[in-house]
Amino acid sequence: MTISAPEATTTKLENTGQLGYKKHTDGGWGLVPIQTRSERFASTNVEDFPAVTGREAVWKLTPIDRVADLIDGQLDGGEYAIDATLVNDVDVSWVDRTDARIGTAGTPEERASANAWTQFDKALAITVSGEEPKTVRVRRSELGTSPRAAHVLLEAKPFSTGLVILANAGQARLTENVEIIVGEGANLTVVTVQQWDDDAAHLASHFTTVGRDARVKHVVVTLGGSVVRVNPSTHLNAQGGEVEALGLYFADAGQHLEQQVYVDHDAPHTRSRVTYKGALQGEGARTVWIGDVLIRQSATGTDSYEQNRNLVLTDGTRADSVPNLEIETGDIAGAGHASATGRFDDEQLFYLQARGITEEEARRLVVRGFLTEIVQQIGDAELQERLEIAIEEELNGTNLSTDGR
Amino acid sequence: MAVLEIRDLHVSVETDQGSKPILRGVDLTIRKGETHAIMGPNGSGKSTLAYTIAGHPKYTVNSGSITLDGQDVLAMTVDERARAGLFLAMQYPVEIPGVTVTNFLRTAKTAIDGEAPPIRHWIKDVKSSMKNLRMDSTFAERNVNEGFSGGEKKRHEILQLELLKPTFAVLDETDSGLDVDALKIVSEGVNRAKENTNLGVLLITHYTRILRYIKPDFVHVFVDGRIAEEGGPELADRLEDEGYDRFLVGEATA
Ligand SMILES: Nc1ncnc2c1ncn2[C@@H]1O[C@H](COP(=O)(O)OP(=O)(O)OP(=O)(O)O)[C@@H](O)[C@H]1O
Ligand SMILES: [Mg+2]
């Protein structure tokens with residue numbers, strides 16, 4: 001049995017003066033998807049993929065002309081400068097393509113990802129062991145402007161606990177694959193933060209495989225960059241595995257920020273929660289969220305929920321939000337999805353203003369509150385504080401009281 | 001002596017079908033320290049009056065005036081009205097995700113006073129007001145109204161009333177959905193505010209039971225967008241016995 005509910009809400013708000021939220025909930029039962037997610041072609045060799053036309057499911061909402069060099073071009077696949085904190089029980093080192101772990105978490109499903117895979121020389125391997133909680137920060141800020149391929153291996157040994165922060169800043173034209181291997185009973189948090197320079201381009205595919213009774217929290221925070229697309233997919237292929245996928249993005253004028261989130265429930269009693277929240281402001285600010293959840297026949301007792309919410313702060317922006325749910329078993333604990341894109345809630349603003357708070361400050365409070373929900377769940381005070389400040393700076397770039405209303 | 005004056009107020013609401021008139025000539029004068037009860041059947045326009053005083057954008061004033069000590073309230077923005085000393089305890093307080101009660105209260109207090117409250121003093125005030133309203137201290141770290149029960153939302157409204165110290169408060173069905181204990185706690189809060197700051201109160205209610213705890217000086221019966229009858233506290237007792245039917249007869253035959 002294949003039941004699926006592919007539905008899309010594409011909200012384009014251009015001087016529409018539209019108020020309130022567009023709500024989207026289940027309802028499309030019985031619709032047949034064009035192609036089930038599990039049948040997507042995959043290969044590590046770029047030559048196996050035809051030239052990208054922009055009509056492919058994975059490319060149709062991406063400005064491919066702005067990342068053509070990453071899809072097709074020659075890439076530098078060597079080592080680059082990193083800045084990593086030294087932490088007990090965490091090893092950070094460069095490994096060869098022949099490392100046995102490479103390729104165990106996933107395989108590219110599109111050409112830019114395969115291009116990176118074909119051309120990388122060395123992989124950055126971060127290996128977490130030990131049961132004590134620890135935080136490791138790995139920062140990349142000197143990638144430069146020539147197109148580059150990268151491969152990151154992130155392994156949490158069985159029963160280990162750790163929080164890994166991948167912080168990205170500066171210039172970049174980067175296409176990369178990040179393999180995340182979460183061992184049995186491990187508890188791993190991965191946070192990738194994109195605060196690139198204004199003209200940077202970054203395409204990333206994250207492949208996570210989750211061991212038995214293991215738990216992974218995966219957080220994507222994207223604030224800076226011209227085109228940034230981070231596509232995290234999680235394979236829950238062992239019993240009791242759990243993923244919490246969180247995302248926060250704030251798109252300014254001209255920015256394209258995209259995430260295609262995929263959760264593959266492939267074992268009994270697996271659990272997933274996907275929550276992505278975005279804010280958009282300024283002419284041409286563009287965000288895309290595609291959330292695919294597949295619950296296979298093997299995944300009995302699965303519990304899954306995915307949601308995306310976008311807050312539109314000014315005219316001239318566009319947010320695409322596309323949740324897809326494919327269910328191949330009747331025996332699940334729960335599955336649902338929600339998507340909403342809207343402007344400020346007038347009732348919230350009224351309530352705050354009725355307490356003496358100016359309209360502009362009320363708007364700030366609402367946006368900050370909206371995004372804080374994600375920030376609060378990261379679990380690292382230093383990063384949380386830094387992100388709160390970064391969001392504040394984003395907000396200072398907008399005049400929230402004159403959004404054309 | 002501060003005074004809130006409403007004169008021949010006509011208000012309509014914007015609906016998909018166009019503009020719908022709701023208030024049809026309301027006259028009301030409230031002085032500081034006075035408590036006025038407005039009672040009326042569902043749909044008579046009580047909340048519309050409350051929202052219009054607070055400045056909700058959904059309502060359009062077609063004619064008439066609202067003044068606070070002679071100042072034109074209708075010319076003020078919502079936040080200016082609050083800073084001028086008006087407060088509305090809402091019938092249905094809204095949730096503000098990600099904004100904690102602590103942060104919200106401090107932000108509001110700072111906005112109303114024009115400066116941040118002295119921190120020690122403020123924390124003490126918040127704690128004791130919460131305690132008086134039997135609100136658990138964990139509420140401080142919760143998001144505004146998120147997951148609050150109906151009764152908790154109403155207490156949170158009165159908490160704001162006590163801390164922000166307005167000159168006039170409009171309480172829109174603060175009693176609805178409260179059990180007897182909660183009703184007493186909330187009423188005590190209002191009475192404390194009256195005592196401490198000589199608050200003027202416009203108490204909107206559908207039922208007479210809250211009037212056992214908050215004594216009105218005047219009672220106004222609100223029917224079909226205007227005040228149909230006025231009197232002292234004894235009018236509330238009559239309404240308790242007779243209901244609103246007497247006032248609705250004219251409508252039914254019209
Ligand atoms: N946004 C709106 N759209 C359409 N009609 C409205 C709107 N707001 C208010 N009304 C109508 O205006 C009238 C007065 O509503 P209001 O909420 O002021 O009544 P109320 O006296 O407070 O009633 P209740 O006792 O139920 O709270 C009602 O008929 C109501 O349906
Ligand atoms: Mg009402």
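These exercises work through rings, strands and a ligand site in a predicted model.

**Exercise 1. Classify the ring pair Tyr351(A) and Phe104(B), and say where each residue lies.**

Solution. 
- Step 1. Rings pair if their centres lie within 6.5 Å. Over all chains, the count comes to six aromatic pairs.
- Step 2. Tyr351(A) and Phe104(B) are 5.7 Å apart, centre to centre, with 20 degrees between the planes. Planes under 30 degrees apart count as stacked. The pair is therefore stacked.
- Step 3. Tyr351(A) lies in helix 3 (residues 346-353) of chain A. Phe104(B) lies in helix 3 (residues 101-113) of chain B, so the pair joins two chains.
- Step 4. Buried means under 20% relative accessible area. Tyr351(A) has 0% relative accessibility, so Tyr351(A) is buried. Phe104(B) also has 0%, so Phe104(B) is buried.

**Exercise 2. Classify the ring pair Phe139(B) and Phe148(B).**

Solution. 
- Step 1. The centres are 4.9 Å apart.
- Step 2. The angle between the planes is 90 degrees. Angles over 60 degrees count as edge-to-face, so this pair is edge-to-face.

**Exercise 3. Find the charged side chains over the rings of Phe120(A) and Phe370(A).**

Solution. 
- Step 1. Start at Phe120(A). Arg97(A) lies over the face of this ring, 4.4 Å from the ring centre.
- Step 2. Go to Phe370(A). The charged end of Lys277(A) sits over this ring, 4.4 Å from its centre.

**Exercise 4. Which strands stand at the edges of the sheet in chain B, and what does that leave open?**

Solution. 
- Step 1. Write down the order. Four strands of chain B form an open sheet, 2-1-4-5, with antiparallel pairing.
- Step 2. Read off the ends. Strand 2 (18-31) and strand 5 (71-72) each have a single partner strand, so one side of each is left without a neighbour in the sheet.
- Step 3. Inspect one end. Strand 5 pairs with strand 4 (residues 59-68) over two bridges. Leu68(B) stands opposite Gln71(B) in strand 5.

**Exercise 5. Describe the surroundings of ligand 1.**

Solution. 
- Step 1. List the neighbours. Ligand 1 is surrounded by 16 residues; among the closest are Ile22(B), Lys46(B) and Thr48(B).
- Step 2. Look for polar contacts. Oxygen atoms of ligand 1 lie 3.2 Å from a polar backbone atom of Ser44(B) and 3.0 Å from one of Gly45(B). A polar side-chain atom of Glu173(B) is 3.1 Å from an oxygen atom of the ligand.
- Step 3. Find the main contributor. Helix 1 of chain B gives the most to the shell, with three residues.

Conventions
Residues numbered from 1 in each chain as written. Chains lettered and ligands numbered in written order. Predicted model: local features only at pLDDT ≥ 70, side-chain atom pairs only at ≥ 80, totals over all residues. Heavy atoms only, no water. Buried < 20%, exposed > 50% of the residue type's maximum accessible area, 1.4 Å probe, protein only. Lys NZ or Arg CZ within 6 Å of the ring centre and 35° of its normal. Pairing = 2+ DSSP bridges. Near = heavy atom within 4 Å. Polar contact = N/O pair within 3.5 Å; in protein donor to acceptor, adjacent residues only side chain to side chain.
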